Amino acid sequence: MDLKLEMIVLPVSDTDRAKAFYEKAGFRLDVDYTADEAFRAVHLTPPGSECSIIFGEGMTSITPGSFQGLYLIVSDIQEAHADLTARGIEVSEIFHDAGLFFHGHGGGDVTHRNPGQERLPGPHPERSSYGSFLTFSDPDGNGWVLQEVSQRLPGR
């Protein structure tokens with residue numbers, strides 16, 4: 001049996017502001033449906049993704065901005081940085097982890113500071129797949145991580 005992640009309900013405080021932000025970031029608007037003043041659903045999909053986000057009025061009681069570590073995978077981290085910057089999205093500088101894996105998801109800050117988990121500037125020195133990152137947050141503070149993956153691990 002396949003179990004495919006298709007949708008993430010994202011907590012936002014202002015539906016129109018969030019919609020404008022994600023469209024500016026290049027997400028495709030799939031649906032903007034209003035049933036009444038108590039329910040509105042805005043559904044967007046990142047380019048190339050099979051998983052979408054949905055937000056709006058009457059969608060969730062989760063605190064806006066509380067989601068951290070939402071991963072978007074890109075094939076070229078430098079190209080992604082240039083594209084998002086050109087769209088007017090405020091992104092971090094590209095970085096890599098002193099170890100194998102980025103260990104921070106709190107608003108783009110490193111939250112685990114054990115030895116070998118420091119954030120280092122620039123892409124991974126060998127451009128190792130899964131090794132380079134950048135972060136950005138939406139207007140509510142929901143935190144996204146872009147990770148460069150040029151070659152998938154077996155089974156993916």
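User: How much space lies in the largest pocket?

Analyst: About 1,000 Å³. A pocket here is an open set of points on a 1 Å grid over the protein atoms alone, where a 1.4 Å probe fits, with protein on both sides within 12 Å along at least five of seven lines; lining residues have an atom within 4 Å of a point. The volume is the space filled by probe spheres set on the points, which are joined across faces, edges and corners. This is a predicted model, in which local features need pLDDT of at least 70 and side-chain atom pairs count only at pLDDT 80 or more, while totals for chains, interfaces and linings use all residues. Residues are numbered from 1 along each chain as its sequence is written, and side-chain values use heavy atoms, with hydrogens and water left out.

User: Which residues lie nearest the centre of the pocket?

Analyst: P46, S49, Y71, L72 and I73, out of 36 lining residues. Two or more lining residues come from each of β4, β5, α2 and β9. The largest share is that of β5, with 5 residues. Helices (H or I, at least four residues) and strands (E, at least two) are DSSP runs numbered from the N terminus.

User: Take α2. Which of its residues are buried?

Analyst: I77, A80, H81 and L84. They cover an arc of only 100 degrees around the axis, so they sit on the same side of α2. The arc is taken from the directions from the helix axis to the C-beta atoms. On the face turned away from that side are the exposed residues E79 and A86.

User: What covers the buried side of α2?

Analyst: The cover includes β5, β8 and β9, going by contacts, meaning heavy atoms within 4.5 Å.

User: And what caps α2?

Analyst: D76 caps the N-terminal end, with a side-chain oxygen 3.0 Å from the backbone nitrogen of Q78. Just after α2 comes G88, with a positive phi of about 85 degrees.

User: Back to α1. Which residues are buried there?

Analyst: In α1, which spans residues 15–24, T15, A18, K19, F21 and Y22 are buried. They line one face of the helix, because they fall within an arc of 165 degrees seen down the axis. Their cover includes β2, β3, β4, β8 and β9. D14 caps the N-terminal end of α1, with a side-chain oxygen 3.1 Å from the backbone nitrogen of D16.

User: Which residues have the most contacts inside the largest nonpolar core?

Analyst: Y22, F55, F136, W144 and L146, in a core of 24 residues. Such a core is a set of buried Ala, Val, Leu, Ile, Met, Phe, Trp, Tyr and Cys residues joined through side-chain atoms within 4.5 Å. At least two core residues come from each of α1, β3, β4, β5, α2, β8 and β9.

User: What does L146 touch?

Analyst: Residues up to four places away in sequence aside, L146 touches L72, V74, I77, A80, L84, S132, F133, L134 and F136.

User: New topic. Is S52 buried or exposed?

Analyst: Buried, with a relative accessible area of 7%. S52 is in strand β4.

User: What are its side-chain partners, and at what distances?

Analyst: The side chain of S52 makes polar contacts with the side chains of H43 at 3.2 Å and T45 at 2.6 Å. A polar contact is a pair of N or O atoms within 3.5 Å; within protein, one must be able to donate a hydrogen and the other to accept it, and residues adjacent in sequence count only if both atoms are side-chain atoms.

Definitions and conventions. Buried means under 20% relative accessible area, exposed over 50%, partly exposed in between (1.4 Å probe, protein chains only).
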